Amino acid sequence: MNIRFNGIFYPPAAVKRAIRDYKGLADFAYREKSGYALVWIKNIRDKELKPLFRREFCNYVLSLAGTLK
Amino acid sequence: MKKNNGFVIELDKECYPKEAVIATCCQFLANSYIFLEEKDDIRVTLTPKNGIAIKNLKEKFKEELLNNTLRYNISQRNKDIRDYIVRAALFGVQSRAGADDLLFSGFQDGSASDWKDDPLGIAIPWEEKQVKKKGRVAK
């Protein structure tokens with residue numbers, strides 16, 4: 001699965017930090033392109049987490065975006 | 001707009017600053033999954049978490065968004081004076097030099113330096129005025 005985070009709301013620092021915190025749960029790839037942070041997620045370890053993983057990850061990035069400046 | 005048990009709320013980005021939108025979203029993270037996008041407007045996708053009632057969620061979100069927008073606008077308006085107070089508290093006398101500049105920064109017609117002028121003689125003490133009058137009478 002891939003997620004496009006708009007740089008206006010989701011600073012790259014928040015996305016990178018979230019990837020760092022979640023890297024034990026799945027494999028991530030990250031790239032910045034024209035104001036967006038693109039994140040690819042593969043091999044989610046826990047199958048129970050799979051349906052909610054994307055949403056929980058987005059929520060976590062947003063919570064970091066609210067605290068990081 | 002309704003979408004997969006959730007809502008998409010479209011917000012005019014000229015009315016709602018992104019700081020207020022993010023602050024509001026952060027308040028609702030415990031109850032719902034939120035994703036933000038921007039096209040012409042700000043699009044907030046809000047999906048309630050399991051067991052959380054969807055009822056009034058949209059209205060509550062909009063209410064909080066208005067509160068946060070107001071807070072943000074007031075904090076922007078008072079930014080200079082707040083900075084001055086903090087600077088004065090931290091550095092005391094050193095920051096007083098800039099106080100006049102700050103207090104009279106509201107005069108946009110460049111009259112900030114004219115406030116000491118006294119063309120009507122209002123600032124002259126009463127005693128001095130009386131002495132002048134008596135002096136004229138005595139002559």
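Me: How many residues of chain A are in contact with chain B, and how many of chain B are in contact with chain A?

Reply: An interface is often described in general by its size, given as the accessible area lost when the parts come together. In this predicted model, the count is by residue: ten residues of chain A are in contact with 13 of chain B.

Me: Which element of chain A gives the most to the side that touches chain B?

Reply: Helix α2, residues 50-67, gives the most, with seven residues. By class, that side of chain A has five nonpolar residues, four polar and one charged.

Me: In what order do the elements of chain A run?

Reply: Starting at the N terminus, the order is β-α-β-β-α, that is, two helices and three strands. Of the 69 residues in chain A, 20% count as buried. Taking contacts in chain A between residues at least 6 apart in sequence, 59% join residues at least 24 apart.

Me: Where is A:N43 found, and what is its phi?

Reply: A:N43 is in the loop between β3 and α2 of chain A. Its phi is positive, about 50°, although A:N43 is not a glycine. A:N43 counts as exposed because it has 8 C-beta neighbours inside 10 Å.

Terms used
Residues numbered from 1 in each chain as written. Chains lettered and ligands numbered in written order. Predicted model: local features only at pLDDT ≥ 70, side-chain atom pairs only at ≥ 80, totals over all residues. Contact = placed C-beta atoms within 7 Å. Helix = DSSP H or I, 4+ residues; strand = E, 2+ residues; numbered from the N terminus. Nonpolar A, V, L, I, M, F, W, Y, C, P; charged D, E, K, R; others polar. Buried ≥ 20, exposed ≤ 12 C-beta atoms within 10 Å, placed from the backbone.
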